[in-house]
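This briefing is intended for reading beside the sequence and the coordinates. Please keep both in view while following the points below.

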Amino acid sequence: MSEFTRPYDLRHLPTEPVELIATPDERAQLAGRFGLVSVDAMAATITLKPEGQSVRANGRLTAQIVQSCAVSGEDLPVTIDEPVALRFIPPGGPGTPDEELELDSNQLDDIEMEAQGSFDLGEALAQSLALAIDPFAVGPNAEAARRKSGLLDPDPAGPFAALAALKQQPD
C-alpha cells in the first residue's frame, strides 16, 4: 500500500485541476520510505485530461525535504519544484512481460492503470518525488568534512608522490 494514495477513475475525472497535499502522517511515511530526515511539505497541482482509454496528468510537484548530506551526514534542507508529465495507460500495453522494449521519450512516464480503469495519482507523485531527490546532495560543510576525514589530499602532487619519492631514494 502506498503512503500517499489518491485514487482516480478514468470514468469520473475532475474537470478542474486537482490539488493534492500530503498530510503530516503521509509525509512522515514518505520520509521513511525514501530515507529522508523529513518531508516538511509536499503538494501538487495536476490537470487530468482523458485521451481515449488513457489519462494525461500534467502539473507541478513541490516539496520541502530534509535529507542527510552525502558527505558530512548533516541535515540538508532541499526545495523540490518539478514539472509533472505522466500518462496513465490501460493494462497490457505493447509487448509481453519478459520481452525487452525500446521506449521513446513519450513512453518513459507511462504508468499502467488497474484493469477497471483506476489509477493512483498519489503513488505516481510519490515516485516523482523520489526521482527528484539528489542522492549525492552535499551541504555547505562537505569540503570541511572531506578534509577532516582525509578524502582531500592537501599535496598537489597527489597520492603517487610518496611512491615516486621512495623510488628515487638510493639503495
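The points below cover the sheet, the helices and the nonpolar core in turn.

This is a predicted model, in which local features need pLDDT of at least 70 and side-chain atom pairs count only at pLDDT 80 or more, while totals for chains, interfaces and linings use all residues. Residues are numbered from 1 along each chain as its sequence is written, and side-chain values use heavy atoms, with hydrogens and water left out.

- Five strands form an open sheet in the order 2-3-4-5-6, with mixed pairing; strands (E, at least two residues) and helices (H or I, at least four) are DSSP runs numbered from the N terminus.
- Strand 2 and strand 6 (110-112) are the edge strands, each pairing on one side only; two strands pair if DSSP finds at least two bridges between them.
- From one strand to the next, the twist averages 30°.
- Strand 2 and strand 3 run antiparallel and are joined by four bridges, and Leu20 stands opposite Ala44 of strand 3.
- Strand 3 pairs with strand 4 in the antiparallel sense over 13 bridges.
- Met42 has Ala63 of strand 4 as its bridge partner, and Ala43 stands opposite Thr62 of strand 4.
- The hairpin of strand 3 and strand 4 has two residues between the strands, and Gly52 there takes a positive phi near 65°.

**Helices**

- Helix 1 lies across strand 2 and strand 3, at about 100° to strand 3; angles run from 0 to 180 degrees between N-to-C directions, and axes are lines fitted to C-alpha atoms, for helices over the stretch in contact.
- Helix 2 packs on the sheet and touches strand 2, strand 3, strand 4, strand 5 and strand 6, its direction making about 135° with that of strand 5; contact means heavy atoms within 4.5 Å.
- The axes of helix 1 and helix 2 come within 11 Å and cross at roughly 50°.
- Leu30, Arg33 and Phe34 of helix 1 make this contact with Glu123, Ala126, Gln127, Leu129 and Ala130 of helix 2.

**Nonpolar core**

- A nonpolar core is a set of buried Ala, Val, Leu, Ile, Met, Phe, Trp, Tyr and Cys residues joined through side-chain atoms within 4.5 Å, where buried means under 20% relative accessible area (1.4 Å probe, protein chains only).
- The largest such core has 32 residues, of which Met42, Ile46, Leu48, Phe88, Phe119, Leu121 and Leu125 touch the most other members.
- Strand 2 (18-21), helix 1 (24-34), strand 3 (38-51), strand 4 (54-68), strand 5 (75-89) and helix 2 (121-132) each supply at least two residues of this core.
- Leaving aside residues up to four places away in sequence, Phe119 touches residues including Leu10, Leu13, Leu48, Val55, Phe88 and Met113.

Methods:
Buried means under 20% relative accessible area, exposed over 50%, partly exposed in between (1.4 Å probe, protein chains only).
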